[in-house]
Amino acid sequence: MTLVEVMVSSVVFALAANGSAQLWGSAMAWNHRAEQRQELLSQLDLVLLQRERALRVAAAGVTAPMSCGAAAAWMDLQLSAAGGPVPEGVTLTTDAGETDGAGALWLTATADGLERKRLFAPAAHGLCRP
């Protein structure tokens, strides 16, 4: 091999190694971001499940069904008071909605542009009378 061939092959090898390292680095960064996103979604799901559990416990103590409007207001109060502290960066909001004429609440947990929603209907918890 001549000196020129050695130099060309070493440049080609260096460029290929650099390209591979950049691809590997970007793949690792993407994987890290995906893991962080999944962890955040798990936290949001946990917050919503804690609120739902507290609501189910409170609903078990209700002896007489109420009107759907009153039940929705009661659920809103229970959901806002339920559960432990919310993790840092997570915000919870409740929004009243209508589903087939029965009052329902959407509980939304958001953090860093990610959002999880859960519908809480009084009839699903046995709080509405027909």
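# Briefing on the predicted model

At 74% relative accessibility, Asp-112 counts as exposed. Asp-112 belongs to the loop that lies between β2 and β3, and its phi angle is near 50 degrees, a positive value in a residue other than glycine. The structure is a predicted model.

- Asp-112 is called exposed because its relative accessible area, 74%, is over the cut-off of 50%.

**The largest nonpolar core**

- In soluble globular proteins, nonpolar side chains tend to be buried together.
- The largest nonpolar core of this model has 20 residues, of which Leu-44, Leu-55, Trp-74, Met-75, Leu-79, Phe-120 and Leu-127 touch the most other members.
- Helix α1 gives the largest share of the core, namely six residues.
- Phe-120, one of the core members that touch the most others, is in contact with Leu-48, Glu-52, Leu-55, Met-75, Leu-79, Ala-104, Leu-105, Leu-107 and His-125, when its neighbours within four places in sequence are left aside.

**Salt bridges**

- Side chains of opposite charge can pair when their charged atoms come close.
- Three salt bridges are found in a search of the whole structure.
- One of them joins the side chains of Arg-116 and Asp-45, with an N to O distance of 2.9 Å.
- Arg-116 is in strand β3 and Asp-45 in helix α1, so that this pair links distant parts of the chain, 71 residues apart.
- Both partners are partly exposed: Arg-116 has a relative accessibility of 29%, and Asp-45 has a relative accessible area of 23%.

- Glu-52 forms a salt bridge with Arg-56 through their side chains (2.9 Å, N to O).
- Glu-52 and Arg-56 both belong to helix α1 and are four residues apart, about one turn of the helix.
- Glu-52 counts as buried because its relative accessibility of 16% is under the cut-off of 20%, whereas Arg-56, at 47%, counts as partly exposed.
- The side chain of Glu-52 also meets that of Arg-118 in a salt bridge (2.8 Å, N to O).
- Glu-52 lies in helix α1 and Arg-118 in strand β3, so this pair ties together parts that are 66 residues apart in sequence.
- Arg-118 is partly exposed, with a relative accessible area of 22%.

**A nonpolar patch on the surface**

- Val-4, Val-8 and Val-12 form a nonpolar patch on the surface, and together they have about 280 Å² of accessible area.
- Val-12 is found in helix α1, which spans residues 3–60.
- With a relative accessible area of 52%, Val-12 is exposed.

Notes. Residues numbered from 1 in each chain as written. Predicted model: local features only at pLDDT ≥ 70, side-chain atom pairs only at ≥ 80, totals over all residues. Heavy atoms only, no water. Patch = residues over 30% accessible without salt bridge, like charges linked within 9 Å, V, L, I, M, F, W, Y side chains within 5 Å. Areas by Shrake-Rupley, 256 points an atom, 1.4 Å probe, with all protein chains shown as cover. Salt bridge = Lys/Arg side-chain N within 4 Å of Asp/Glu carboxyl O. Helix = DSSP H or I, 4+ residues; strand = E, 2+ residues; numbered from the N terminus. Buried < 20%, exposed > 50% of the residue type's maximum accessible area, 1.4 Å probe, protein only. Core = buried A, V, L, I, M, F, W, Y, C linked by side-chain atoms within 4.5 Å. Contact = heavy atoms within 4.5 Å.
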